[in-house]
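Reader: I would like to learn how to read a few features of a model. Please take them one at a time.

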Amino acid sequence: MRKFFGTIFGGQNTSKFSLERLNQLCDLMERNKIIDENNSEIIIETLRLIAELLVWGDKHNEKFWDLFLERNILFYFLNVLSQPTANHVKKQLIQTLSIMVQNMDTANSLYFLLSNNHMNHIIEHEFDLKDEELLAYYINFLKTISLKFDKSIIQFFFDSYNFKFPLYDQAIKFCDHTDSMIRIAVRTITLNTYSVNDPALHNYIVTSSSSSYFTKLSNFLYKQFILLNEVVLKARENKTSIRNLEDYSADILDHIYYLKDIYNVNIQGLDDVLTKSIIQLSIKQLLNDTLQKKILMETCLYSLAQMFNVFSNRKLLNEMSNILFLKQDDIIIENNENFIEICFKILKQHENNQSLISTCLCLIYSLIVNENIPPNLLDNYGILPKIRIKELRQLSPSNNEDVIEINEDKEDNDFITIILNLIEDNQSKRINTLHLIFRILFEMLFDMSINKVDKLKDNHVKLFKIILNNSLDKCRKYFNEIDIFEFLDYFQLEFSQFQRLFSTKCELLLSDTTVLLSNHLDNIDKMKYDIHLFILIYNLLSSHIVLMNQVLEENDILPLTIAIHPKPEYQVGDEAILTNRETIRCCVTSPQSSPSTPTSSSPTTSSSRKIQKSNSLGSLPSNNNNNNNNGYSRNDRHLFFDDNFLYIVVVDVNRIGYGIVEELINLATLQIKTSEQNRFSMRLISEQKQLYSSLPMVLFDKKLVFDDFKIAKEVKTILENKMEDCKLFKKQQFKKILKINN
């Protein structure tokens, strides 16, 4: 093929980017008007080269586009389509056009390419779109054009006089295609279209036959709910993977976010059309199928939670909220209840169905945190967050048609009591479920905008105290049964997980698909669960002095971070002041090193056989490697301690009384290993439990070598004493936290 085109272009005489070459390519297209198997490869390569030349010409020589118009190159392209050409030729044609559209930088070039309505003829051509690869090229071509849309460009594709828009109409046919990449491309095309500020175009989108697109979107959302339910059932029977479940959930979320993006373009009349469609074809269908037991209640609750978490359009949310909070004639519920009352009943019954409880909490939390849910509806069931109380007071029946009469007798629907009973029922729950419960409590109790919390009702205080005392009893039991450092390991592990989940974004917590998997919990570590629950309770009650006074009956308590993650005096890399501080000189090596035992000829002075004061350390060796008489290479370091940490420092030879912290070791994680074969050294190991592994994470593993076995023995004793002091200090801290009287 290269030899053929070399012959066509006259060998080396024709420049690659020249008008002559473009002319020759046009001549070649003209000579090959009839395309068959014999010349299809020539046509493919010619199309590719034409695109390359025109893109170059757009940036360097506008005469290329004059020739483009003069030779009517688009006519040659249409000729390719007019024949029963093989799909691989049509793929190259579409790709050629995509490359040209995508790379046009000048307006004139783009206008030349789009003029004479040739592009619309190409778009309307009946391609064999059952060929998945050809379809992918075609949709990408439409998307590439849409990325160029503005008020002037779109006039080449939207015929406002005849009310036709082939590009848009062709694209939306594939909105529910099985290939997610095709669906994503269609969403991009439509959003690019909606973003063009053209009243005639907006009128076409809302009122033409193409408005049925929004019906298709709502039907597709409902079908996704059904598919999710099928995958949940299979996952519970171990017939499919959790990853598959996550993929289906992600597809639903993508679709919901796309619907939100459509609302956000603010096309007049579009929100009415789309809201009506979503309510009738997605929401009500989902609820009725759930109540008729065609869909799992968990799937329904989870799906509703995703929608309430994502949607922000007030009109849609008003309609969705009314369906949940008010009785509906076309949604039949037993005992004349509404849907939110069913949710309350689920939480009150304390069934050992963790999936049902978790998804129910997901829905309620999504309602609480969405600022566009009508506040009067939330308040009627006692789930209005504190931060929105002012908003409720500003409403009056005269200016809000959705206001309903508030039920003064809320004793049966005291939501805080229901939530507290969930904690107090002694049934183990998923850690994520616990976090949902406490996030809900935070929203119900705190107005973070003014850092205010109202006093709890007496029955709430009583329940809080019962929950706290039960949790304290369990943690005290573990505290008395195991070593304090092991107890601290568990606390550190759970506190790290607490911090991770506490900082997790709302949408990530609500989209967790594990809540759908099963109705029971397997292999739960009771100690970890109890400790995590205590951390959540302690964190909530210590968040404001009002709660401390009411439940803990204290004005000040020890923060958990101080006991679990004490702050060191110095960090690694800090300059430490060593003046008037007892330090110990040693050599730090890898644990596998086996240094020779020092002999009488070793440079061991009387001063090096004792713990030295740092005011004499300025002249001691630090970073330099010093060889003793045994040929053993040593890196001298110095050790010192505080209540919680061992510091290994490099002495600064240029500044007397200062050193740079090289290692920082928590005494609570330290292990000391010695050997009778080498009494001049000891091995220090620092390990920490890991959340998702049974193997500990090694933080430090080095051998310390001393000039004299007496120093090594003395240092071991000092370390053991420091570790014991640290242990006693931690015990005192946790006794204070766990209210253990000495």
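**Strands and helices**

Author: Strand β10 (residues 670–675) pairs with strand β11 (residues 678–690) in the antiparallel sense, over 6 bridges. Two strands pair if DSSP finds at least two bridges between them; helices (H or I, at least four residues) and strands (E, at least two) are DSSP runs, numbered from the N terminus. This is a predicted model, in which local features need pLDDT of at least 70, side-chain atom pairs count only at pLDDT 80 or more, and totals for chains, interfaces and linings use all residues. Residues are numbered from 1 along each chain as its sequence is written, and side-chain values use heavy atoms, with hydrogens and water left out.

Reader: How many residues lie between β10 and β11 in the hairpin?

Author: There are 2 residues between them. Ser675 has Asn678 in β11 as its bridge partner.

Reader: Which residues of helix α4 are buried?

Author: An α-helix has 3.6 residues a turn, so residues three or four places apart point the same way. In α4 (residues 63–70), Phe64, Trp65, Leu67 and Phe68 are buried (under 20% relative accessible area; exposed is over 50%, partly exposed in between, with a 1.4 Å probe and protein chains only). They cover an arc of only 155 degrees around the axis, so they are on the same side of α4; the arc is that of the directions from the helix axis to the C-beta atoms. Lys63 and Glu70, on the other side of α4, are exposed.

Reader: What residue follows α4, and what is its phi?

Author: Asn72 follows α4, with a positive phi near 50 degrees.
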